[in-house]
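Please open the model in your viewer and keep the selection tool at hand. The stops below say what to select next and what is to be found there.

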Amino acid sequence: MSFAQKKSTVPVAEERRRFQRVKVHLLGRYMLPDRREFPCQIINMSPGGLALLAPGIGNVGDRVIAYLDHIGRVEGKITRIIDNGFAMTVGATARKRDKLAAQLTWLANRDILNLPEDRRHDRIVPRNPIALLTLEDGSKMTCRIIDLSASGAAIAAENRPPLKSLVMLGKVQSRVVRNLEEGFALEFVHEQIADTLEDAVSAR
């Protein structure tokens, strides 16, 4: 009984001591208890909690399920309301928290060092960087590939498609995942084969 009482009186302070929040800029979606879904942007996160900018705000204590780029599915409860968003706990096993800590360290370093979004695959500059991008509405635009890997590409273009929209880079189905200073980043829906990648993205 005494253990249960002790456990219930310290979680917030304990979480703040054990996990340091890092500034990250991740996009995602979340669902409130009434099953409404909204897009969101994470502004800081630790393995035990996160703060996000969100158009739909629930009540303190509400359960939230979120799907975050590079992180995956997390769930927890709203702990406080902030300007244009809210903070929530992250419910996870010790093993999952360790994995989250490693992911957040990498994401924080990526932002500081301006690393590509996916270090699992080597990035290359294609021999022919000019490509044709087909948007969701069927319209087409010419763009320049800054670099690409088996999992995604950085694109230079005057016009930016909406985040999360599905597009075709050449013959490769892709999703717009982030805006860049001179364009945007794409994540391929299916991982590509390195040997045929350049031909696939430059196909018209």
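Select serine 165 to begin, which sits in the loop between S9 and strand S10 (166-169), where strands (E, at least two residues) are DSSP runs numbered from the N terminus. The model is a predicted one, in which local features need pLDDT of at least 70 and side-chain atom pairs count only at pLDDT 80 or more, while totals for chains, interfaces and linings use all residues. Residues are numbered from 1 along each chain as its sequence is written, and side-chain values use heavy atoms, with hydrogens and water left out.

Is serine 165 buried or exposed? Its relative accessible area is 6%, so serine 165 counts as buried (buried means under 20% relative accessible area, exposed over 50%, and partly exposed in between, with a 1.4 Å probe and protein chains only). Now display its surroundings: a polar atom of the serine 165 side chain lies 2.6 Å from the backbone oxygen of proline 162. Leaving aside residues up to four places away in sequence, serine 165 touches Glu136, Ser174, Arg175 and Val176, contact being heavy atoms within 4.5 Å.

Selecting alanine 131 leads across to cysteine 143, its bridge partner in S8. Between these two strands the hairpin has five residues, and glycine 138 there takes a positive phi near 95 degrees.

Follow S8 onward to strand S9 (residues 152-156), with which S8 pairs in the antiparallel sense over four bridges. The hairpin that joins S8 to S9 runs through three residues, and aspartate 147 can be selected together with alanine 154 in S9, which stands opposite.

Arginine 35, in the loop between strand S1 (22-31) and strand S2 (37-46), has a positive phi of about 75 degrees although it is not a glycine, and at 62% relative accessibility arginine 35 counts as exposed. Asparagine 84, in the loop between strand S5 (72-82) and strand S6 (85-89), has a positive phi near 60 degrees, again in a residue other than glycine, and with 60% relative accessibility asparagine 84 is exposed.

Finally, select valine 60, which is found in the loop between strand S3 (49-53) and strand S4 (63-68) and counts as exposed at 54% relative accessibility.

Conventions
Two strands pair if DSSP finds at least two bridges between them. A polar contact is a pair of N or O atoms within 3.5 Å; within protein, one must be able to donate a hydrogen and the other to accept it, and residues adjacent in sequence count only if both atoms are side-chain atoms.
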